[in-house]
Amino acid sequence: MMKFFKKKKNYELAIGNVSERPAQYNAVRSSILENPQKEDKLPSSFIRRKSVFAEHYDPEEDEDDDNDKVVYPKSDEQRKQLAEAVKNILLFRSLDQEQVQELLDAMFERKVKTGDIIIHQGDDGDYFYVIQSGTYNIYVSTDQENETFVGKYENSGSFGELALMYNQPRAATIKAASEGSLWAMSRQVFRKIVLKGAFKKRKEYETLLEGVPMLQSLNSFEIMNLCDALMPKSYKDGDIIIKQGEEGDGMYFVENGTVRIVMTNESGEEKELLKLSKGQYFGELALVTHKPRAASAYAVGKNVKLAFLDVLAFERLLGPCMNIMKRNIEEYDEQLIKIFGSKANISDLR
Ligand code: 1OR
Ligand code: 1OR
């Protein structure tokens, strides 16, 4: 238990490297949950899940007008730094090697000084930024409150995708709180290379994640980051997905088909615990407890499609759901005794 609470500080991380979830932010979140009627007083861009995903823009119709590739020359050192900085950008996850190379070519460095305003809330979107170094504060104004500090990025992460993806005004102001360096990508390049895949992925996974009760407390901005982080995985009948006793590297959401969870106790007795279907999740226990996998998971039927969330993204993105997840885990323990008769034969889950 203690271990979990110590760990919890990390779970407070909201998105990527935004390292604070201040009162105002939580207030917005709980006001959405508790007073949905207040919605229209709040900026629609990050409150109403539906409106964020509404089709302001159809990437299928995007004109692919210029085939000329933009290339900003870079030193070997710069290229290396940039490659490192983009490695963990969730939005780039579905890009292939060639697309990543094209992106690296098309980005240019922008040095910043303390106090520089990189993005003004309400402006049209021009660039998407990847952080090389520096601290960047995030401020949001609402109809009720003037510019309020809601979080910050420190030395890694990215920002500025919302306006470019959804053709909306900038949803927040981003101000440099130190000297630093950014990699910028123009709106055109973002739309040409990043948008199509990312847009499709967000739409596909948003529908899946909306049906997961555990995630109800996430706002649309957090859901979108989660969509970017998920990786599709497919399995055939009988394939093993998780092996009891192994180390946990991530968790899964079921997108299609059925998954069987099977546990073997210390006397080698094997029991099927349950079957999971669309919208259910598994593999979270080892990540929460830092213990080996408590059970095995097998694919049932031909076309089992899962969405995988690796452990780093899990820690960055699912902090707000940790309490619900823990509550569900407590139920496992109760079931454990019912299924195996006594706890004597099974090692403690937590
Ligand atoms: P953008 O193009 O709208 C501002 O320009 C950027 O700030 C935005 O893309 C995001 O990349 C980034 N809500 C909305 N945008 C945010 C937020 C945010 N944080 C960073 N950005 N929230 C903060 C969560 C800690 C929600 C505030 C209630
Ligand atoms: P994991 O990372 O330990 C196996 O990998 C997964 O099986 C586990 O996370 C859970 O997501 C999932 N006890 C333990 N793990 C369970 C259980 C469970 N059910 C699903 N998993 N019980 C079943 C309760 C109905 C407890 C009783 C034996």
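Predicted model: local features only at pLDDT ≥ 70, side-chain atom pairs only at ≥ 80, totals over all residues.
Residues are numbered from 1 along each chain as written, and chains are lettered from A and ligands numbered from 1 in the order written. Local features need pLDDT of at least 70, side-chain atom pairs count only at pLDDT 80 or more, and totals for chains, interfaces and linings use all residues, while side-chain values use heavy atoms, without hydrogens and water.

**View 1. Residues around ligand 2.** The shell holds 18 residues, and G283, E284, R293, A294 and L336 come nearest (near: a heavy atom within 4 Å). By class, 14 are nonpolar, 2 polar and 2 charged. Helix 12 (322–340) is among the elements that supply at least two shell residues, and its 4 residues are the largest share.

View 2. An N or O atom in the side chain of E284 lies 2.5 Å from a ligand oxygen atom. Backbone atoms also take part: a backbone N or O atom of G283 is 2.8 Å from an oxygen atom of ligand 2, and a polar backbone atom of A286 is 3.0 Å from one. Of the 580 Å² of accessible area that ligand 2 has on its own, the protein covers 96% (Shrake-Rupley method, 1.4 Å probe).

**View 3. The largest pocket is the space taken by ligand 2.** The volume of the largest pocket is about 600 Å³. I261, L273, L274, E284 and Y332 are the closest to its centre, out of 25 lining residues. Helix 12 gives the most to this lining, with 6 residues. A pocket is an open set of points on a 1 Å grid over the protein atoms alone, where a 1.4 Å probe fits, with protein on both sides within 12 Å along at least five of seven lines; lining residues have an atom within 4 Å of a point.

Definitions and conventions
Polar contact = N/O pair within 3.5 Å; in protein donor to acceptor, adjacent residues only side chain to side chain. Sits in = over half its atoms within 2 Å of the grid points. Nonpolar A, V, L, I, M, F, W, Y, C, P; charged D, E, K, R; others polar. Points joined across faces, edges and corners; volume = space filled by probe spheres on them.
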